[in-house]
Amino acid sequence: MVSRVIPVDPFDLVIFGGTGDLARRKILPGLFRRYCSGQMPAGSRVIGAARSEISVDEFRDMVREAIREFSKAKCDDAALEEFLGLLNYVAVDARGEGGWDELKSALRDDEDIVRAFYFSVGPSLFGDLAEGLRSHGLTNPAVRIVVEKPFGHDLESARALNEELARHFHETQIYRIDHYLGKETVQNLMAVRFGNMLFEPLWNAQYVDHIQITVAETVGVAGRGSYYDKSGAMRDMVQNHLMQLLCLIAMEPPARFEPDSVRDEKLKVIRALDPVDPESIVRGQYTSDGEMSSYREDVENPASKTESFIAMKCYISNWRWANTPFYLRTGKRLAAQASEIAVVFKDAPHSIFGMDAGRHRNMLSIRLQPNEGMTLGVTIKEPGPGGMRLVDVPLDMSFADALGPDAEDAPDAYERLIMDVIRGNQTLFMRGDEVEAAWAWTDPLIEGWERRGDHPKPYDAGSTGPDDAAFLINKDGRRWRAIKT
């Protein structure tokens with residue numbers, strides 16, 4: 001299998017926060033890979049913008065080192081120098097007047113050239129940057145802005161942020177990026193659901209017993225403590241990443257594969273989510289294992305009630321999913337780094353093989369990381385004589401095996417999403433009303449445990465979370481999927 005590369009037209013891309021960690025680790029190395037693949041044309045321009053008073057050569061040196069450290073591109077030094085030649089740098093004061101005229105001069109005066117502005121900065125600067133772009137005349141008919149999460153801290157702040165951006169840009173010009181939606185497996189989820197007659201007729205409450213969505217991390221919150229202790233797993237992961245995965249799993253088939261059709265169906269899922277009872281939520285906080293620090297040590301708050309782990313059972317009140325539980329789970333300092341969606345189908349209505357054959361269910365596992373791929377569990381006869389003994393075997397498809405040598409060249413999430421921005425394709429980006437609907441569901445849950453004064457349950461670093469999370473699903477006669485690489 002060979003992946004096709006479709007070049008985009010030449011563009012101008014300004015990265016606000018161009019000297020920051022995200023630009024160094026993801027955005028600039030990703031652009032270099034797209035340049036090496038032939039997708040990013042040589043006529044494009046990439047301009048870093050930040051407060052730092054550095055020269056263009058110093059910026060290029062920084063990017064050179066970042067690419068050598070973080071990029072997997074198979075390119076020679078000559079290609080790297082060609083790419084660096086496309087880079088420019090302008091020092092800009094987001095809340096002042098400094099640098100805006102110089103930035104305007106660095107852009108091409110062509111109304112047909114796409115101008116994309118990537119806000120790789122804190123949300124507090126989004127409004128200032130949006131106003132600066134308009135007031136200094138840096139926009140053109142083909143302008144797009146890209147904003148990173150968090151999209152607000154609650155419903156009120158999300159609405160305020162959307163209104164602020166809407167004062168300067170139309171919704172079709174705003175790209176709210178969630179890198180989970182750029183993963184190859186997430187997009188393949190839509191292909192599996194809507195491109196195969198095999199699955200879609202079974203994708204409902206009649207045949208699906210339950211669905212599990214797990215995003216487990218081995219890292220703690222050290223280095224992000226001040227931010228994370230004000231957010232927690234609910235705001236940091238559930239409200240955006242897990243919510244998006246839930247929508248793609250549960251949504252109705254869109255009329256066509258285009259941005260608003262897809263996002264309309266995702267919005268319907270969020271609005272159909274039931275409120276979650278307190279007994280269906282488990283919050284946890286990792287403790288020290290003697291070698292690694294505890295959560296409270298990492299955030300330097302010995303009285304913190306913020307969760308580093310959350311598990312919950314929720315329901316979607318519509319015809320397709322009535323009474324089908326969705327179990328969501330995410331946490332830090334867990335046993336392994338793994339992201340998986342597991343669709344567990346119901347038992348056969350009647351077993352002809354007797355009690356000795358055991359209980360068997362089909363399950364579709366969609367692995368987002370690591371080892372991206374899909375596994376379908378199928379029940380077969382155990383080989384050998386001695387009667388009909390049934391076993392479950394996997395029909396496994398990993399992208400590394402399917403693509404062969406091309407697997408390493410497949411674009412990562414940020415690469416794909418940035419190219420979608422240039423093309424003007426918003427399918428994998430969140431719309432403003434979608435963000436607000438997610439907060440409208442999330443806020444009452446957070447307000448509930450804050451009002452009750454609930455404390456998160458302690459769990460050992462390197463475990464699968466607090467024991468209460470296992471009880472949450474076990475009491476329904478089900479079990480969590482093992483967290484493993």
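Biologist: Let me start with a helix: how many residues apart are Asp 420 and Arg 423 in helix α13?

Modeller: An α-helix has 3.6 residues a turn, so residues three or four places apart point the same way. Asp 420 and Arg 423 are three residues apart in helix α13, and therefore about one helical turn separates them; helices here are DSSP runs of H or I with at least four residues, strands are runs of E with at least two, and both are numbered from the N terminus. Before going on, note that this is a predicted model, in which local features need pLDDT of at least 70 and side-chain atom pairs count only at pLDDT 80 or more, whereas totals for chains, interfaces and linings use all residues. Residues are numbered from 1 along each chain as its sequence is written, and side-chain values use heavy atoms, with hydrogens and water left out.

Biologist: What do Asp 420 and Arg 423 form, and how far apart are the closest N and O atoms?

Modeller: They form a salt bridge with its closest N and O atoms 3.3 Å apart, the criterion being a side-chain nitrogen of Lys or Arg within 4 Å of a carboxyl oxygen of Asp or Glu. Asp 420 counts as buried at 9% relative accessibility, while Arg 423, at 40%, counts as partly exposed (buried is under 20% relative accessible area, exposed over 50%, partly exposed in between, with a 1.4 Å probe and protein chains only).

Biologist: How many of the eleven residues of helix α13 are buried?

Modeller: Ten of the eleven residues of α13 (residues 413-423) are buried, so the helix is largely enclosed by the rest of the structure. Those buried residues, which include Glu 415, Arg 416 and Asp 420, pack against β1, α1, β4, β5, β6 and α7.

Biologist: Which parts of the chain does the pair of Arg 34 and Glu 415 link?

Modeller: The side chains of Arg 34 and Glu 415 meet in a salt bridge at 2.9 Å, N to O, and this pair links helix α1, which holds Arg 34, to helix α13, which holds Glu 415, across 381 residues. Both partners are buried. Over the whole structure, a search finds 34 salt bridges.

Biologist: Where do Asp 260 and Arg 431 lie?

Modeller: Asp 260 lies in helix α10 and Arg 431 in the loop between α13 and α14, so the pair ties together parts that are 171 residues apart in sequence. Their closest N and O atoms are 3.0 Å apart; Asp 260 is partly exposed, with a relative accessible area of 38%, whereas Arg 431 is buried, with one of 10%. The two belong to a network of salt bridges that also links Arg 263, Asp 264 and Asp 433.

Biologist: Is Val 262, by its relative accessibility, buried or exposed?

Modeller: Val 262, which lies in helix α10 (residues 259-272), counts as buried at 1% relative accessibility. Leaving aside neighbours within four places in sequence, Val 262 is in contact (heavy atoms within 4.5 Å) with Met 251, Pro 254, Arg 256, Phe 257 and Thr 427.

Biologist: Turning to the sheet, what is the order of the nine strands?

Modeller: Strands of a sheet pair through backbone hydrogen bonds, either parallel or antiparallel. Here an open sheet with mixed pairing has the order β14-β13-β12-β11-β7-β10-β9-β8-β15, where two strands pair if DSSP finds at least two bridges between them. The edge strands, each pairing on one side only, are β14 (390-398) and β15 (457-460).

Biologist: Which residues cover the two faces of β9?

Modeller: In a regular strand the side chains alternate between the two faces of the sheet. On one side of β9 are Phe 309, Ala 311 and Lys 313, on the other Ile 310, Met 312 and Cys 314, and all are buried. Strand β9 runs antiparallel both to β8, through four bridges, and to β10, through six bridges; Gly 284 stands opposite Phe 309, and Ile 310 opposite Thr 330 in β10.

Biologist: Which strands does helix α15 lie across?

Modeller: Helix α15 (residues 467-474) lies across β7, β8, β9, β10 and β15, and runs at about 10° to β9; such angles run from 0 to 180 degrees between N-to-C directions, with axes fitted as lines to C-alpha atoms, for helices over the stretch in contact.
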